[in-house]
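Biologist: I have a few things to ask about this one. Can you put it up first?

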Amino acid sequence: MKILDCTLRDGGYYTNWDFDNDLVKVYFESFNHLPIDFLEIGYKAFAENYYKGEFYYLPLFLIKKIKSISNKNLAILLNGKDLFESNIEALLLPCVGLIDLVRVAIDPKDLKKSITLIKSIKSLGFKVALNVMYMSKWKTMNSFMTDLPLVNESCDFFYMVDSYGSVYPEDVKEITQSVKSILNIPLGFHGHNNLEMALINSLTALEYGVEIIDSTVTGMGRGAGNLKTELILTHLSSKGLLEFDFNYLSNLVDKFSQLQKLHNWGTNLPYMVSGSNSLPQKDVMEWITKRFYSLNSIVEALQNQKGNLLDKPNVERFKPENKFENVLLIGGGNSVQQHFEAIRSFIYANKSSMSIVHASSTNAYLFKDLDFIPQYFCLVGNEGHRLERVYDNAPFKGICILPPPPRKLGIYKPEIAKDKIFEIEQSTINHPINDTHTILAFEISSILEAKNVYLVGYDGYPKESITSKMHEMFIENQNIFNLVKNRFKLISLLPTLYDVKITSLYSLIE
């Protein structure tokens, strides 16, 4: 049997494929002393519009550096949907002599047309693995099993990928036996850990003839993550099948455990629900790490996906009687608390022409006694629960606004606002995601016919503590500001890292 560790490739979903130099050094030095056959060092990809780091693009200098410090066979992964015969050489020729194994990830429906591509890759001198996704759905794809013999002799490994983390040992046994009866090339298995089955599924795959399995350090990988490298090595050591110095493994795990505290990968209830129902992990990862939806909302959304349902609560459209020239748009930044006395003075000075829009309810507790000014709350993510905690038993006089229908996610409607919840009719801002806090806040401002939108609490994220997801949210908010700058006069009243006009709050109050 062989083991392929793909931490730097699969774990990159949490770090945007950027890793600390010291962690990378420990990674390769440790594996030089551990019985792993392949290290998959990242994707090799064409340019995309969003920032992704060095282990996504693998510039030649990085590959050469890795080759000089690692004694392992090196692998890369390509997205099959991006490959054409015309671009394979441009992507891979620089890797000849440096990369040992090229893996190609494909949708099973693209099996037949991928054969020519993998033959072209193999002709360049690489070993090639075909990683076929959505293993749990193969049995429902009649043409897939019919076309499977085409893979024989075209590649070096055929990988069965449990994309949803949804298969059980009996499924692994059945599928492996079926595939093995058709193919005469070595099989591989890549398991996800939604249902905490990655270990037993991998062991079952090995028992029934799979020759290579994937793992990652601490299970770091997209969504719920993968089989833990340290777990499979420890298991095989206990069976007397492998010998190695556990000090190297311990050093490696310690480094990634520190990173795990920051990104919190691993399974949880929504990932378990997605795994149980063979639903994609991509949305769950987005909702948990970036959108901050409640677990209950995510579970409800997954159940809706299974039944092809969308959230269409019976609420009225938001049609305010009064319009306001000025909107004070409040984000969740710490600066709001620090400068609240000045913010309150600004509100009093402009109360006849101003309303407040809370993009986040994080700072709402500061404003709950300001009953003289209309306040609107964006009801997305965890905001309903936050509002209940803020107001507790105090009377709620604000208005809650939902994103436009249809909504993929069920949104919790707080009891305190049961008669004060409305939805906007449709999105008017051309942005791919219409249910972010900031998009909804600007949609509300537009309906209120605001001319001036004053920002507070949009501080940005300091470079020394920013995570990849914070960076993505920063870019997302900046893109939204750019989209609306011709719609409103947009002014930040407090220091911000965003590229918007700044006017000191203290210059506007007495």
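Modeller: One term before we start: two residues touch, or are in contact, when they have heavy atoms within 4.5 Å of each other. Also note that this is a predicted model.

Biologist: Fine. Which residues does Asp162 touch, leaving out those up to four places away in sequence?

Modeller: With that exclusion, Asp162 touches Met135, Val167, Phe189, His190, Gly191, His192 and Asn201.

Biologist: Where is Asp162, and is it buried or exposed?

Modeller: Asp162 is in the loop between β6 and α9 (169-180). Its relative accessible area is 1%, so Asp162 is buried.

Biologist: What does the side chain of Asp162 reach?

Modeller: The backbone nitrogen of Ser166, at 3.0 Å.

Biologist: And how far is Asp162 from Ala198?

Modeller: They are 9.2 Å apart in space, C-alpha to C-alpha, and 36 residues apart in sequence.

Biologist: His190 was in that contact list. Which side chain makes a polar contact with the side chain of His190?

Modeller: That of Asn226, at 3.1 Å. Asn226 is in the loop between β8 (212-215) and α11 (229-238). Asn226 counts as buried because its relative accessibility is 2%.

Biologist: What else does Asn226 touch?

Modeller: Not counting residues up to four places away in sequence, Asn226 touches Asp10, His190, Gly191, His192, Asn193, Ala198, Thr216, Gly219, Met220 and Gly221. Gly191 and His192 are also among the residues that Asp162 touches.

Biologist: What is the bridge partner of Cys378 in β13?

Modeller: Ile401. Strand β12 (residues 375-378) runs parallel to strand β13 (residues 399-402), and three bridges join them. Between β12 and β13 the chain passes through helix α18 (residues 383-391), and this β-α-β crossover is right-handed.

Biologist: Which residue in β14 does Ile401 stand opposite?

Modeller: Phe422. β13 and strand β14 (residues 421-423) run parallel and are joined by three bridges.

Biologist: Now α5. Which of its residues are buried?

Modeller: In helix α5 (residues 60-69), Leu62, Ile63 and Ile66 are buried. Seen down the axis of α5, the buried residues fall within an arc of 100°, so they line one face of the helix.

Biologist: Which residues are exposed on the other side of α5?

Modeller: Phe61, Lys65 and Ser68.

Biologist: A phenylalanine in the exposed set, noted. What covers the buried residues of α5?

Modeller: The cover includes α3 (21-31), β2 (38-43), α4 (54-57) and β3 (73-79).

Biologist: Next, backbone angles. What is phi of Glu153?

Modeller: Near 70°, a positive value in a residue other than glycine. Most residues other than glycine have a negative phi.

Biologist: Where is Glu153, and is it buried or exposed?

Modeller: Glu153 is in the loop between α8 (142-147) and β6 (157-161). At 60% relative accessibility, Glu153 counts as exposed.

Biologist: What about phi of Asn264?

Modeller: Asn264 is not a glycine either, and its phi is positive, about 60°. Asn264 is in the loop between α12 (246-263) and α13 (269-276). With a relative accessible area of 63%, Asn264 is exposed.

Biologist: Last one, Ser114. Which helix does it lie in, and is it buried or exposed?

Modeller: Ser114 lies in helix α7 (residues 111-122). Its relative accessibility is 4%, so Ser114 counts as buried.

Biologist: And which residues does Ser114 touch, not counting those up to four places away in sequence?

Modeller: Ile106 and Leu130.

Note on methods: Residues numbered from 1 in each chain as written. Predicted model: local features only at pLDDT ≥ 70, side-chain atom pairs only at ≥ 80, totals over all residues. Heavy atoms only, no water. Buried < 20%, exposed > 50% of the residue type's maximum accessible area, 1.4 Å probe, protein only. Helix = DSSP H or I, 4+ residues; strand = E, 2+ residues; numbered from the N terminus. Arc of directions from axis to C-beta. Pairing = 2+ DSSP bridges. Right-handed = clockwise from strand over helix to strand, strands pointing away. Polar contact = N/O pair within 3.5 Å; in protein donor to acceptor, adjacent residues only side chain to side chain.
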